[in-house]
Amino acid sequence: MLSVRNLSRSFGNRLVVDDVSFDVGRGRLTGFVGGNGAGKTTTMRMILGVLKPDLGEVLLDDAPVGESALHGFGYMPEERGLYPKMEIGEQLAYLARLHGIDKTTATQRADDLLERLGLIERRRDKLEALSLGNQQRVQVAAALVHDPDVLIMDEPFSGLDPLAVDEVVTVIAEHAARGVPVLFSSHQLEVVERLCDDLVIIANGKVRAAGEREALREQHSGNRWALEISGDAGWVRGIPGVTVAELAGTTVLFDAESGAADAVLRSAVERGTVTSFRPVRPTLGEIFRDIVVDASAADEQNKREGAAA
Amino acid sequence: MSTNVTTKTKTHRLNTWGATLLVAEREILSQVRSKAFIISTVITLALVIGGIILSSVLGGRTETTPIAVVGSVPAAMADSEAFDVTEAADRSAAEELVRSGDVDAALVPDGSAVGFAVVALEEAPDGLVSALSVSPEVELLEPAETAGPLRFIIGLGFGLVFMLAVLGSGATIMQNTVQEKQSRVVEILLAAVPARALLAGKILGNSVIGVGTAAAIAAAAALGLAITGQGELLDLLSAPLIWFVVFFIFGFVLVASVFAAGAALVSRQEDTGAVMTPAMMLVMIPYFGVVFFGDNPFVMTILSYVPFSAPVAMPVRMFFGEAQWWEPLISLALLVIATAIVVLVASKIYSNSLLRMGSRVSLRDALKAS
């Protein structure tokens with residue numbers, strides 16, 4: 001398990017990452033979500049040892065991550081970049097060798113990955129000769145070519161078409177399935193929602209929520225229910241303790257305490273066939289918006305209080 | 001927990017030296033394979049060999065001046081190989097030969113003190129007139145120890161070879177470093193190997209190319225001299241030349257480090273000018289110092305100990321036998337120390353500014369501990 005413990009870092013007077021702690025479990029895909037400038041990239045760079053934290057540490061299986069452990073980390077930076085004038089096969093092999101893999105194995109692994117990503121025919125092409133989407137695939141391969149023990153990917157899906165996203169997801173999921181802790185950030189919340197097991201939500205340099213995806217959704221679900229019946233659902237309005245949010249013929253979306261919700265279900269069964277009845281959990285996007293809006297409102301509040309005092 | 005990872009590729013941790021070699025290898029291969037490098041090297045080598053052979057062919061050809069002589073041939077002409085003598089029956093026959101262009105001039109007897117006159121078409125050949133003239137013996141009581149022009153040429157030669165090699169490689173190092181920053185590949189590299197290995201690999205790789213190119217040019221020049229039978233010129237240069245090579249290698253690393261550190265301060269090719277200029281100054285000022293103050297022993301002695309100019313100034317002083325045997329050793333030690341310091345400072349600048357993108361990083365920020 002990769003554990004981030006109390007990481008802090010400031011640039012000048014600006015505190016960019018503020019006491020950030022979370023875990024990335026083995027065999028689990030952990031999504032790292034936050035707005036622009038929330039501190040995702042800085043946190044990732046500190047995990048990679050590319051940037052020194054002011055405070056805090058990173059542990060892998062409870063041991064501090066040193067230079068030798070860092071060697072096994074795979075990294076896909078948000079700022080994409082490889083050598084534009086180097087053949088992609090050779091380039092991937094070179095990166096693998098920098099991680100201490102011998103030349104033959106490195107070349108073999110580079111070819112295998114290119115094969116997986118559908119680029120094997122172009123292994124002798126220079127990177128700059130490839131389309132942007134294919135360059136992105138090579139970038140993904142660059143993070144995986146040395147068979148990393150830990151995978152840190154900053155926005156791995158940006159710039160990929162849906163098909164390529166699926167390919168990359170498959171490759172990443174394979175690594176996770178082998179017991180590699182995977183941390184990735186993304187703006188594409190629906191992809192994160194579909195893909196990740198755990199979530200870390202960060203805003204203004206602080207972790208606002210962290211944990212299993214379903215637990216988070218549970219935690220942030222209000223008392224909203226969805227009911228679909230065979231007849232018109234207009235009667236739901238008349239049940240005490242129920243606020244209807246949306247009514248469209250036979251389906252209704254309403255907010256109610258569980259007692260009132262039970263009453264709705266009972267009378268629905270009495271009135272006819274119930275097609276479906278379920279609690280509505282917020283999507284990741286909704287949770288994210290709630291948390292980030294709350295967080296910035298709270299920060300505004302703090303600032304104002306701080307200024308007043 | 002990690003035991004369930006069965007298909008793990010076997011890796012060993014690469015130490016800094018291993019990483020340095022790998023970076024150097026890429027640096028060398030990527031340059032040696034580029035068309036621009038191959039073409040420019042081939043052209044340079046061809047020019048060097050061709051130039052030496054051509055100048056020897058043109059310069060070595062002994063010009064013979066065809067002349068016509070009426071009557072007896074003067075002693076000065078008889079044993080000279082510079083003249084192709086044709087006997088002419090009388091003055092009119094000689095004039096005829098001059099007019100037709102078969103000979104450049106004719107010697108005809110007349111009643112003057114010298115005994116003959118030179119007949120030519122438009123002007124008399126210089127060689128002929130001076131061969132017939134009598135000049136007095138010159139005796140110098142205090143001859144100058146070394147010829148000024150030779151001194152200038154040797155200084156210019158050493159200086160030019162060093163400056164061209166160093167500037168060429170310096171520009172390449174700078175370009176490659178900035179390109180790594182600009183294309184952002186540096187972040188991936190830094191996640192794999194320490195910044196000092198990146199810097200050392202870059203300096204090593206480019207030094208191998210630069211020194212290798214210079215060696216190839218020197219070999220081509222030696223080949224040219226050997227082909228044209230001027231091998232003795234090489235013997236004359238030998239000891240100072242060996243010192244020049246030794247100084248060259250260390251001086252090269254010194255300048256390469258300065259360029260790499262400078263390049264780490266900027267993140268776009270467009271900004272390289274601002275850091276390139278001071279780095280170039282460091283190389284060019286001592287070079288011009290050697291060229292312009294070559295005959296000032298005091299300045300030359302100082303320049304031969306300043307690390308940036310020592311690679312040129314010390315071999316020049318040795319060539320003219322002005323340096324004691326221990327002087328190059330001390331100068332070299334200073335150069336090595338300076339190189340070590342610059343490499344250390346450069347690696348600090350390099351580490352601290354590599355990930356800073358955007359505007360140019362100030363030298364003070366780059367030197368501060370991160």
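A nonpolar core is a set of buried Ala, Val, Leu, Ile, Met, Phe, Trp, Tyr and Cys residues joined through C-beta atoms within 7 Å. In this predicted model, the largest such core has 141 residues. A:Leu92, A:Ile152 and B:Ala260 are the residues with the most contacts inside this core. Its largest share, 15 residues, is supplied by helix H9 (residues 232-264) of chain B. As a general background, nonpolar side chains tend to be buried together in soluble globular proteins. Once neighbours within four places in sequence are set aside, A:Leu92 is in contact with A:Ala110, A:Leu113, A:Ala141, A:Ala142 and A:Val145.

Of the 309 residues in chain A, 42% are buried. Among contacts between residues at least 6 apart in the sequence of chain A, 68% join residues at least 24 apart. The domain assignment divides chain A into domain 1 (2-214) and domain 2 (222-279), and the C-alpha centres of these two domains lie 45 Å apart.

The strands of chain A come next. One open sheet of 4 strands runs in the order E2-E1-E4-E5, with antiparallel pairing. Strand E2 (14-24) and strand E5 (63-64) stand at its edges with a single partner strand each, so one side of each has no neighbour in the sheet. Strand E1 (residues 2-11) pairs with E2(A) in the antiparallel sense over 7 bridges, and here A:Leu7 has A:Val20 as its bridge partner.

Elsewhere in chain A, strand E6 (residues 73-76) pairs with strand E7 (residues 150-154) in the parallel sense over 4 bridges. A:Phe73 and A:Tyr75 point one way from E6(A), A:Gly74 and A:Met76 point the other way, and all are buried. Across the pairing, A:Tyr75 stands opposite A:Ile152 in E7(A); A:Ile152 is also one of the residues with the most contacts inside the largest core.

A:Asp147 is found in the loop between helix H5 (132-144) and E7, while A:Glu155 lies in the loop between E7 and helix H6 (162-177). Most residues other than glycine have a negative phi. A:Asp147, however, is not a glycine and has a positive phi of about 55°, and phi of A:Glu155 is likewise positive, near 55°. A:Asp147 counts as buried because it has 22 C-beta neighbours inside 10 Å, and A:Glu155 counts as buried with 20.

Finally, helix H9 (residues 258-271) of chain A has 14 residues and reaches 20 Å from its first C-alpha to its last, close to the 20 Å expected. A:Ala261, A:Val264 and A:Ala268 are its buried residues. Seen down the axis of H9(A), these buried residues fall within an arc of 55°, so they line one face of the helix. They pack against strand E11 (224-229), strand E12 (242-248), strand E13 (251-256) and strand E14 (274-279) of chain A. The face of H9(A) turned away from this buried side carries the exposed residues A:Gly259, A:Asp262, A:Arg266, A:Val269 and A:Glu270.

Definitions and conventions. Residues are numbered from 1 along each chain as its sequence is written. Chains are lettered from A and ligands numbered from 1 in the order in which they are written. This is a predicted model: local features need pLDDT of at least 70, side-chain atom pairs count only at pLDDT 80 or more; totals for chains, interfaces and linings use all residues. Helices (H or I, at least four residues) and strands (E, at least two) are DSSP runs, numbered from the N terminus. The expected span of a helix is 1.5 Å times one less than its number of residues. A residue is buried if 20 or more other C-beta atoms lie within 10 Å of its own, exposed if 12 or fewer, and partly exposed in between; C-beta atoms are placed from the backbone. The arc is that of the directions from the helix axis to the C-beta atoms. Two residues are in contact if their C-beta atoms, placed from the backbone, lie within 7 Å. Domain bounds come from an automatic or database domain assignment. Two strands pair if DSSP finds at least two bridges between them.
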